[in-house]
Amino acid sequence: MSPRPLNVGLIGGGAGAFIVHPHERAIHFDGTRRVVAAALHPDSKVALREAENWPYPLRGYPSYAEMIAAEAKKPVGERVDYMVIVTPNHVHFDPAMKCIDAGIPVFCEKPLTTTLDEADRLAVAVQRRKIPFGVAHTYLGHWTSRLARFIVRSGLLGEVRWVDAYYLQGWLAGRTEDQGVVQAEWRVDPQRAGASCCGGDIATHALMQLRYVTGLEIKRLRAHLETFVSGRQLDDHFTTYCELSNGGRGLVRASQIAIGHKNDLGIEVNGTQGSLVWVQEDSEKLIIRLPNQPDRTYWRGAVTANDGFLPDVPAELLAEPNIPAGHAEAFHDAFARLHRCFEQDVRAYLEGQPFHCDGSKYANVQDGRTGIAFIDAAVRSQQKDGAWVEM
Ligand SMILES: NC(=O)c1ccc[n+]([C@@H]2O[C@H](COP(=O)([O-])OP(=O)(O)OC[C@H]3O[C@@H](n4cnc5c(N)ncnc54)[C@H](O)[C@@H]3O)[C@@H](O)[C@H]2O)c1
């Protein structure tokens, strides 16, 4: 018999919101999860009205606190099985902590929190409560990110020497925050975004791509957080030069003033035997460069084991894609893959079985905490005029 669909709750995501939509589609992607409840707005009347206007029936709540308390009282099967937090950064910690305390798994947007202290407290609470907790580092959900991880971590490129992980955008090149764009308004406000705008918003994605693909950590870094648009309190351009845990070096960099760049996230890994190039806006492909050989292009899903470069490819990886390569998978599919993997852990948790939540399929609370520690280190380095600081 088919299992019942998991019940999902939304915290945030009312009219005009952005990232709720990819989540909402990803939740419904496989037919095994569905949105049933939501607290969509900080104003209780608006929250209830927007739930009424939702395209399908929802249990609308006036606030996330009331939703978590009410859902926690329902029996398993009727209650929300996991909560998705899609609010601005300063409204991640409190709802996440309330969900953990209530025993409800959380899939939270990044950056995890606005301070390292809050991130530490969440990580401790998740470990104590032994509960699935995911962080929405979307791009780990691309099939080609998983292949890249397999290639680099298998040592097929030799020892990693140099990594360039970047995320370039141009949407904050002018005073977007004065043009009624709510997403810009809160991102440039330190009270709501945290200590870094560009770093917290998008360099954390580049950092996660580096860590996920290579398995390396940042040992120490030098940072420059720059503000090119006058009147802003936070950075709109973010550069770190990093020493990696294997002694290699790398850049984790991001910009929101790079006009023409949309969601130009990418990673280049240079090893002693070859290099790898992956670009999010062309994520059907992965390029491998080996000395004195033509470049190899690996398309999503269309790889052959033992082809002279790839050894046996894990069956799990080959079984994953849904549609043939070239029928482009992209952002929504990556989100769906994260929710699909999180669902497996939530089902195991609900059955009292061991679950993974180990960062191999989606970012976990420790990964989220590392992102905040990275921002914290970058800000400390900036305060010392770009001096080396330990992570
Ligand atoms: N993973 C990704 O690729 C990705 C992309 C964009 C944004 N994000 C992250 O997602 C989060 C939201 O970003 P966005 O661009 O969608 O923001 P947004 O401003 O478009 O949406 C935020 C939503 O939260 C609601 N909200 C605010 N306070 C609330 C409260 N107390 N209770 C209930 N609802 C509340 C707002 O009404 C709005 O509906 C941010 O943390 C951001 O960093 C992640």
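Q: To start with the fold, what percentage of the contacts in the chain between residues at least 6 apart in sequence join residues at least 24 apart?

A: Happy to. Please keep in mind that this is a predicted model. Among contacts between residues at least 6 apart in sequence, 71% join residues at least 24 apart. The chain is built from twelve helices and 16 strands, and 47% of its 391 residues are buried. Its radius of gyration is 21 Å, which agrees with the value near 21 Å for a compact globule of 391 residues. Along the principal axes, the C-alpha atoms fill a box of roughly 65 × 55 × 40 Å.

Where the two domains meet, domain 1 supplies 15 residues to the contact and domain 2 supplies 20 residues. On the domain 1 side, the touching residues comprise eight nonpolar, six polar and one charged.

Now to the part you asked about. The ligand has 24 residues around it, and those that come nearest are Gly12, Ala17, Phe18, Ile19 and Glu109. By type, the shell consists of 13 nonpolar, eight polar and three charged residues. Both domains take part in this shell: domain 1 (6-139 + 335-363) and domain 2 (142-324 + 372-383) each provide at least three residues.

In general, the strands of a sheet pair through backbone hydrogen bonds, in either a parallel or an antiparallel way. Here, seven strands make an open sheet with mixed pairing, in the order β3-β2-β1-β4-β5-β6-β15. The edges are taken by β3 (59-60) and β15 (363-364), each of which has a single partner strand, so one side of each is left without a neighbour in the sheet.

Terms used: Residues are numbered from 1 along each chain as its sequence is written. This is a predicted model: local features need pLDDT of at least 70, side-chain atom pairs count only at pLDDT 80 or more; totals for chains, interfaces and linings use all residues. Helices (H or I, at least four residues) and strands (E, at least two) are DSSP runs, numbered from the N terminus. The radius of gyration is taken over C-alpha atoms; the globule rule is 2.2 Å times the number of residues to the power 0.38. A residue is buried if 20 or more other C-beta atoms lie within 10 Å of its own, exposed if 12 or fewer, and partly exposed in between; C-beta atoms are placed from the backbone. Two residues are in contact if their C-beta atoms, placed from the backbone, lie within 7 Å. Ala, Val, Leu, Ile, Met, Phe, Trp, Tyr, Cys and Pro count as nonpolar, Asp, Glu, Lys and Arg as charged, and the others, Gly among them, as polar. A residue is near a molecule or strand if its C-beta atom, placed from the backbone, lies within 6 Å of it. Domain bounds come from an automatic or database domain assignment. Two strands pair if DSSP finds at least two bridges between them.
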